[in-house]
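Visitor: I'd like to learn how to read salt bridges in a model. Could you walk me through a case?

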Amino acid sequence: MGKQIIIALSRTCGSGGREIGRELAKRLGIDFLDRELLDSIAEEKGVNPEKLRPFEEKARNLLISRTVRSIHGKHTNSPEEIVSQQQFDYILKKAQAGDSFVLIGRCGTQVLKDYPELVKVFVTGDSEHRIKRIMELFHMLRPEARNLIRKKDRQRKAYHNAYCSKKWGDPSAYDIMFSSSRLGVPGSVDLIMNYLDLRMAEEAKSPEEQKEDLDRNEV
């Protein structure tokens, strides 16, 4: 990997993905992009971020949204699509500027697919662990926590699949895919950091050394 580090982290609800991403960014000394991303966009546009937040990380709802004809006779996109595109543009500008960052969700695996520095991570967890975590975080009863997890995961899946060529949770779409249930946040961050070290060491090898490794491990 080069000097730029870009990590796109997708997660299931209750897996601790956001906390893992935040701690990872802190350890690496790079930016962390999550909910604050929308605040930055709203500041640039001169609008209240709370007006944009209901449409964040959501696929267009075909049942209740409709395409609106503008005063110029052209069709505009739904609010969900507009907010998504604004976020995609912001993320791309950060990458194009050479910035390093950890990005939570927001179709980073697709938006940043042309960047060789991109590391794609998917964090999940055991169902019981995720339910207990949501119960503790939001002081919910078990049925409420279970329903919230189902709702959030459906929403994230629909959003990702609306914009990405590979499906949400498809192992072939990620470099690392693991359960955080036994590792916790520190252990999960250690795992990703170890992967980064190994990847950088591998990329530092000469073509001859890489070929030797490939021949040695061929199955």
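Visitor: Which side chain meets E56 in a salt bridge?

Guide: Side chains of opposite charge can pair when their charged atoms come close. The rule here asks for a side-chain nitrogen of Lys or Arg within 4 Å of a carboxyl oxygen of Asp or Glu. In this case the partner of E56 is R106, at 2.6 Å, N to O. E56 sits in the loop between α3 (49-52) and β3 (68-69) and R106 in the loop between β5 (101-104) and α5 (108-111), so the pair ties together parts 50 residues apart in sequence. Helices (H or I, at least four residues) and strands (E, at least two) are DSSP runs, numbered from the N terminus.

Visitor: What should I know about the model itself?

Guide: It's predicted: local features need pLDDT of at least 70, side-chain atom pairs count only at pLDDT 80 or more, and totals for chains, interfaces and linings use all residues. Residues are numbered from 1 along each chain as its sequence is written, and side-chain values use heavy atoms, leaving out hydrogens and water.

Visitor: Is R106 buried or exposed?

Guide: Buried means under 20% relative accessible area, exposed over 50%, partly exposed in between (1.4 Å probe, protein chains only). R106 is buried at 1%, and E56 is buried at 10%.

Visitor: How exposed is the pair K113 and D114?

Guide: Those two side chains also meet in a salt bridge, at 3.5 Å, N to O. K113 is partly exposed at 49%, while D114 is exposed at 64%.

Visitor: How many salt bridges does the rule give?

Guide: The count comes to 20.
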